[in-house]
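Trainee: I have a new model open and would like to learn how to read it. Could we go through it together, one feature at a time?

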Amino acid sequence: MKIALSILLLIVCIFLIGVVIFQEGNSQGLGAVGGMAESYWGKNKGRSLEGKLQKITAIAAVLFVVLSLVLNII
């Protein structure tokens, strides 16, 4: 059981690294804090590839934390 969870954790780690590398950086700065107007791209960002990558990153990060906690408890 522990070996299978360790292998799954390793796969999730590699996947998480890959997803983060494929994301674009937020080079435009502070956006709403800086007073930038909301654009069409900003409103529909969740439907784009970048938005999907952000959602996948969040899911993979939660899975990473849960697997890490489970492995430490076992």
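Mentor: Gladly! Keep in mind that this is a predicted model.

Trainee: Is Ala 61 buried, partly exposed or exposed?

Mentor: Relative accessibility tells us. Ala 61 has 31% relative accessibility, so it counts as partly exposed.

Trainee: How far apart are Ala 61 and Leu 16, in sequence and in space?

Mentor: In sequence, 45 residues separate Ala 61 from Leu 16, while their C-alpha atoms are 7.0 Å apart in space.

Trainee: Let me try another residue. Where is Lys 2, and what does Lys 2 touch?

Mentor: Lys 2 belongs to helix H1. Leaving out residues up to four places away in sequence, Lys 2 touches Leu 71 and Ile 74. Lys 2 and Leu 71 lie 69 residues apart in sequence, yet 6.9 Å apart from C-alpha to C-alpha. Lys 2 counts as partly exposed because its relative accessibility is 46%.

Trainee: Now for the helices. How do I describe a pair of them?

Mentor: Two packed helices are described by the angle between their axes and by the distance between the axes. Here, the axes of H1 (residues 2–22) and H3 (residues 49–73) come within 9 Å and cross at roughly 155°.

Trainee: Which way do H1 and H3 run relative to each other, parallel or antiparallel?

Mentor: An angle over 145 degrees counts as roughly antiparallel, and H1 and H3 are therefore roughly antiparallel to each other. The crossing of H1 past H3 is left-handed.

Trainee: Which residues meet between H1 and H3?

Mentor: On the H1 side they include Lys 2, Leu 9, Phe 15 and Leu 16. Among those on the H3 side are Ile 56, Ala 61, Phe 64 and Leu 71. Sorted by class, this contact has 19 nonpolar residues, three polar and one charged.

Definitions and conventions: Residues are numbered from 1 along each chain as its sequence is written. This is a predicted model: local features need pLDDT of at least 70, side-chain atom pairs count only at pLDDT 80 or more; totals for chains, interfaces and linings use all residues. Side-chain values use heavy atoms; hydrogens and water are left out. Axes are lines fitted to C-alpha atoms, for helices over the stretch in contact, and angles run from 0 to 180 degrees between N-to-C directions. Helices (H or I, at least four residues) and strands (E, at least two) are DSSP runs, numbered from the N terminus. Angles under 35 degrees count as roughly parallel, over 145 as roughly antiparallel, 65 to 115 as roughly perpendicular and the rest as oblique. A crossing is left-handed if the near helix is turned anticlockwise from the far one by less than a right angle, and right-handed if clockwise. Contact means heavy atoms within 4.5 Å. Ala, Val, Leu, Ile, Met, Phe, Trp, Tyr, Cys and Pro count as nonpolar, Asp, Glu, Lys and Arg as charged, and the others, Gly among them, as polar. Buried means under 20% relative accessible area, exposed over 50%, partly exposed in between (1.4 Å probe, protein chains only).
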